[in-house]
Amino acid sequence: MGINTGYATVGEFGCEKRMDYTAIRSEVNLASRLESCCETGEVTLSHATYALVKDSFPCEPRGTVEVKGMTRPIRIYELLWREVRADSLPISFHLLQA
């Protein structure tokens with residue numbers, strides 16, 4: 001899974017004969033590219049996402065990758081989700097699960 005944080009445009013796009021509900025913008029494309037960088041069972045984060053979750057979830061730096069459509073290398077991190085204990089999750093996560 002690839003996760004990136006940023007703004008996206010979400011809604012129905014297309015025409016009368018073919019309409020799709022989707023998200024578009026470079027942030028969505030980057031998340032897709034990050035997914036291509038990881039192995040089965042891994043979760044790869046962009047630096048923007050890492051900066052938001054680093055104090056709540058264990059992560060490990062994985063260097064940089066060059067992805068199609070981006071002019072500069074992207075710093076990536078692996079979310080060590082197998083090491084997350086339920087009692088260590090932030091209260092906001094537990095409220096989402098209720």
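In what order do the 4 strands of the open sheet run, and what is the pairing? The order is E1-E4-E6-E5, and the pairing is mixed. Here strands (E, at least two residues) and helices (H or I, at least four) are DSSP runs, numbered from the N terminus. The model is a predicted one, so to speak of local features takes pLDDT of at least 70 and side-chain atom pairs count only at pLDDT 80 or more, while totals for chains, interfaces and linings use all residues. Residues are numbered from 1 along each chain as its sequence is written, and side-chain values use heavy atoms, with hydrogens and water left out.

At the edges of the sheet sit E1 and strand E5 (59–65), each pairing on one side only; two strands pair if DSSP finds at least two bridges between them. E1 pairs with E4 in the parallel sense, over 2 bridges, and Gly 2 stands opposite Thr 44 in E4.

Now for helix H1, residues 26–37: its 12 residues reach 17 Å from first C-alpha to last, close to the 16 Å expected (1.5 Å times one less than the number of residues). Leu 30, Ala 31 and Leu 34 of H1 are buried, that is, under 20% relative accessible area with a 1.4 Å probe, protein chains only. They share one side of H1 because they cover an arc of only 100° around the axis, taken from the directions from the helix axis to the C-beta atoms. The buried residues of H1 pack against strands E1 (2–3), E4 (44–46) and E6 (74–79), contact meaning heavy atoms within 4.5 Å.

Helix H2 (residues 47–53) holds Thr 49, which counts as buried because its relative accessibility is 6%. Leaving out residues up to four places away in sequence, Thr 49 touches Ile 3, Asn 4 and Thr 5.

Notes:
Buried means under 20% relative accessible area, exposed over 50%, partly exposed in between (1.4 Å probe, protein chains only).
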